[in-house]
Amino acid sequence: MTYDIMLVRIPAGSTLHEAVARLDADFDPDADLPLLRLTDGQRAAWDRILDRVSREIGAVESVEYLYSLMFETVGPPGRVQFDYCGATANVEVAYRHAGAGASEVMELAYRIARIAEEESGLTGYDFEVDQPVRTGDPAKAAARLGAVSDWAQQHLS
C-alpha cells in the first residue's frame with residue numbers, strides 16, 4: 001500500500017474530477033494492461049522529467065517496462081517512485097515514514113510531482129488530503145503519511 005499522488009491530462013472543457021472519472025470508467029481490472037505507446041511529445045516530456053529530477057534532486061534508477069516508464073529516487077530521505085504512462089503519471093511513497101522523515105519524503109514527492117506538471121502538462125492532485133499539487137502543502141500530506149504509517153506499524157506489525 002502506498003501514498004499516491006495522481007497526475008492526469010485534463011482535456012479542454014473538462015475538470016480534474018471529470019478526467020479522473022473517465023479514466024475510472026475506462027478501467028477494466030480483468031483486461032491486460034495496454035502496451036505503452038508514447039507519442040514523440042510524451043517521450044520528450046519523460047526525458048525532460050528524468051533529466052530535471054536527476055539534476056535538481058539527485059540520482060534515480062529508471063526502468064522501461066512494457067506498460068510504463070518508472071524511476072525511483074536513490075538515497076535519503078527515502079524511496080519515491082514515479083510511474084509515467086504519457087497521459088497519466090503517479091508518484092508513490094510507501095507508508096513507512098513518520099515525523100521528520102514523513103516531512104522530508106513528502107517534500108521530495110511534491111517536488112517530483114511539480115517537476116512532472118511543468119515538463120509534461122499533466123495536472124497533479126493529492127486525493128489523500130484533497131489538494132492540488134501545484135498549490136498544495138506538503139506538510140499536510142506529511143501529516144497524513146505519518147499518521148497512516150504510525151497506525152500501520154501499531155496494528156499490522
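Colleague: Which residues of helix 1 are buried?

Modeller: This is a predicted model, in which local features need pLDDT of at least 70 and side-chain atom pairs count only at pLDDT 80 or more, while totals for chains, interfaces and linings use all residues. Numbering starts from 1 along each chain as its sequence is written, and side-chain values rest on heavy atoms, without hydrogens and water. In helix 1 (residues 16–26; a DSSP run of H or I, at least four residues), the buried residues (under 20% relative accessible area, 1.4 Å probe, protein chains only) are Leu-16, Ala-19 and Val-20.

Colleague: Within what arc do these buried residues fall?

Modeller: The view is down the axis of helix 1, with directions taken from the helix axis to the C-beta atoms. The buried residues line one face of the helix because they fall within an arc of 95 degrees.

Colleague: Against which strands do the buried residues of helix 1 pack?

Modeller: Packing rests on contact, meaning heavy atoms within 4.5 Å, and strands are DSSP runs of E, at least two residues. The partners of the buried residues of helix 1 are strand 1 (2–8) and strand 6 (123–126).

Colleague: What is the angle between the ring planes of Phe-82 and Tyr-84?

Modeller: The whole structure holds seven aromatic pairs (ring centres within 6.5 Å). Phe-82 and Tyr-84, 6.4 Å centre to centre, are one of them and count as stacked, a term for planes under 30 degrees apart. Their planes make an angle of 20 degrees.

Colleague: Which residues make up the ring cluster?

Modeller: Phe-82 and Tyr-84 are both buried. Ring pairs link into one cluster Trp-46, Phe-71, Phe-82 and Tyr-84.

Conventions: Buried < 20%, exposed > 50% of the residue type's maximum accessible area, 1.4 Å probe, protein only. Phe/Tyr/Trp six-rings, centres within 6.5 Å; stacked < 30°, edge-to-face > 60°.
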